[in-house]
Structures are given as structure tokens and as C-alpha cells.
Amino acid sequence: MSSNPKVNMSIQAAKKVNGLADPTKPFSSFMKYNKNDLDMTMQFIKAPAMTTFLKAKIFSMVKDNMMETYKKCPWGWNGKDKRAELFHKDSRYILVRHSSNNSIAAFVHFRFDIENLIEVLYLYEIQIDKDVRGKGLGRYLMSLLETIAFHYKMKRIVLTVLKSEEDVVKFYFSLQYEIESYSPEDAFYYILSKKKKTLELVKN
């Protein structure tokens, strides 16, 4: 534990939410997306509860969508390190499945954690299959995540985005995310955050 009482309070706040069996439970009526020709259902799951098959699917989606992008930046691509990040014991997921066949079309990977000495919801991944993009699903998932974060009194939603991913950066800016004060100016990435809820979560 830290010698700083405020930091200890933040650690306990994140730990408390991490201990919940399902932090999405208060929002169960919003765990679906039926709009723009999509019919999706959503499921919360903790990484330790994932089957080997599900982990393989998650890793495959990240690899297909991100490997070439990672290779072009200083991080490079390291499958072993990525697996460790994806399936860390504190990793939490919202899986988005096609209602018709239960196949995974998208997912959100996040953790309740400490960042810059305060409790935050840290967004690690939002991955969406190419054939369901451009239909509002990404924005809906971000509004759901935002609602969850501030319901549990997290101080921020924080994420890291590559500067080379210009469309993704524009997407987050459109949702009123801002560059954090500690985001390195000369880095190849931004650390973005949001301090308050602005997106309305609407049933569809």
C-alpha cells in the first residue's frame, strides 16, 4: 500500500469494482444493439473465466486488426506480450455477438485500475469486425463504457491511441476525449482521457 492516503483510497476504489462479479449488471437492459441492420447481444466476462477457444478468437481478432499497425511503430508486435496483456487476471470484457449465430463481432477490453495515482477505467481494446463497422456500434460501446465508469465513480476513462491511426484519434476527439497532461509530446502515441460523462446511453 502507498503512504499516501488518497492513493490508498483510489486503490481500494478500483479493487472494490474489480471484485464485482458483473459490473454491467445495472445496465443489463442496454447490453444489446439492434440498429442499422445489426442485431447484437452483449455479454460481460472476466479474462480468467474465458475458455481456450474464446481466448483464441479474441487474440485472432486483435492480431488481424492490429498486427501490421503495431509492426510499423516502435512497439512492434509481440504475440506473447499481447496475450499476457489481453488475458491478465484483471482484464474485463464486453463481448458483442451476432444474435443469429452467437459469433463474436466485436469486443471491449478494459480494466479498473490506477493511473497517475487515481482510480480509472482503462480502455485497452475496442475491436470491431470490418463487416459491422460504420453502423454506430463503436459509439454505442463507448457510451456504455462511459456509463459504467462513472456509475462506479472512476475519476477518468483513459486510453492510449497511436498517432498514426488518424481516424481512430478523430473518433475519440469526437467523443470529447482530451490529451492527458502527462501524455509525452514527442511520443508516437497519445494518452487520452475523459473526466465526465457526456454521452447518453439510449436503449435501441
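## Central hairpins of the sheet

Strands S4 and S5 are paired antiparallel through ten bridges. In this predicted model, the two strands form a hairpin with two residues between them, and Asn-116 in the turn has a positive phi of about 55°. Across this pairing, His-109 stands opposite Glu-125 in S5. S4 is mostly covered, with nine of its twelve residues buried.

On the S3 side, S4 takes part in a further antiparallel pairing, in which six bridges join S3 to S4. Arg-92 is placed opposite Phe-110 in S4. S3 and S4 also form a hairpin, here with five residues between them, and Asn-102 in the turn has a positive phi of about 70°.

The strands belong to an open sheet of eight, ordered S1-S2-S3-S4-S5-S6-S8-S7, with mixed pairing. Strand S1 (32-35) and strand S7 (178-179) stand at the edges with a single partner strand each, so one side of each has no neighbour in the sheet. Strands of a sheet pair through backbone hydrogen bonds, and the pairing may be parallel or antiparallel.

Both senses occur here. S5 and S6 run parallel and are joined by four bridges, with Leu-121 opposite Ile-157 in S6. S7 and S8, by contrast, pair in the antiparallel sense over two bridges, and the bridge partner of Glu-178 in S8 is Ser-193. Six of the seven residues of S6 are buried, so S6 is largely enclosed by the rest of the structure.

## Helices against the sheet

Helix H2 packs on the sheet, where it touches strand S2 (38-46), strand S3 (92-98), strand S4 (104-115), strand S5 (118-128) and strand S6 (156-162). The direction of H2 makes about 85° with that of S4. Helix H4 (residues 137-151) lies across S1, S2, S3, S4, S5, S6 and S8, and runs at about 160° to S5.

## Nonpolar cores

The largest nonpolar core has 42 residues, of which Met-42, Leu-137, Leu-144 and Tyr-172 touch the most other members. Two or more residues come from each of S2, S3, S4, S5, H4, S6 and helix H5 (166-174). H4 gives the most to this core, namely nine residues.

Apart from neighbours within four places in sequence, Met-42 is in contact with Phe-30, Met-31, Lys-32, Tyr-33, Ile-94, Leu-95, Val-96, Leu-137, Tyr-140, Leu-141 and Leu-144. A second, separate core of 16 residues includes Ala-47, Met-66, Leu-95 and Phe-107.

## Aromatic and charge–ring arrangements

The count of aromatic pairs comes to 14. In one of them, the rings of Trp-75 and Tyr-189 have centres 5.6 Å apart and planes at 20°, so this pair is stacked; the cut-off for stacking is an angle under 30 degrees. Trp-75 lies in the loop between helix H2 (52-71) and helix H3 (79-86), and Tyr-189 lies in strand S8 (residues 189-194), so the pair ties together parts that are 114 residues apart in sequence. Trp-75 is partly exposed because its relative accessibility is 43%, whereas Tyr-189 is buried at 18%.

Both residues belong to an aromatic cluster formed by Phe-59, Tyr-70, Trp-75, Trp-77, Phe-188 and Tyr-189. The ring of Phe-59 also has the charged end of Arg-83 over it, 3.8 Å from the ring centre. At another site, the charged end of Arg-111 sits over the ring of Tyr-124, 4.4 Å from its centre.

Asn-18 is found in helix H1 (residues 5-18). With a relative accessibility of 12%, Asn-18 counts as buried. Beyond neighbours within four places in sequence, its contacts are Lys-46, Asp-90, Arg-92 and Phe-112.

Ala-21 is located in the loop between H1 and S1 and, at 67% relative accessibility, counts as exposed. Leaving aside neighbours within four places in sequence, Ala-21 is in contact with Phe-44 and Lys-46. The C-alpha atoms of Ala-21 and Phe-44 are separated by 9.5 Å, the two residues being 23 residues apart along the chain.

Key
Residues are numbered from 1 along each chain as its sequence is written. This is a predicted model: local features need pLDDT of at least 70, side-chain atom pairs count only at pLDDT 80 or more; totals for chains, interfaces and linings use all residues. Side-chain values use heavy atoms; hydrogens and water are left out. Buried means under 20% relative accessible area, exposed over 50%, partly exposed in between (1.4 Å probe, protein chains only). Contact means heavy atoms within 4.5 Å. Rings of Phe, Tyr and Trp (its six-membered ring) pair if their centres lie within 6.5 Å; planes under 30 degrees apart count as stacked, over 60 as edge-to-face and the rest as tilted. A charge sits over a ring if NZ of Lys or CZ of Arg is within 6 Å of the ring centre and within 35 degrees of the ring normal. Two strands pair if DSSP finds at least two bridges between them. Axes are lines fitted to C-alpha atoms, for helices over the stretch in contact, and angles run from 0 to 180 degrees between N-to-C directions. A nonpolar core is a set of buried Ala, Val, Leu, Ile, Met, Phe, Trp, Tyr and Cys residues joined through side-chain atoms within 4.5 Å.
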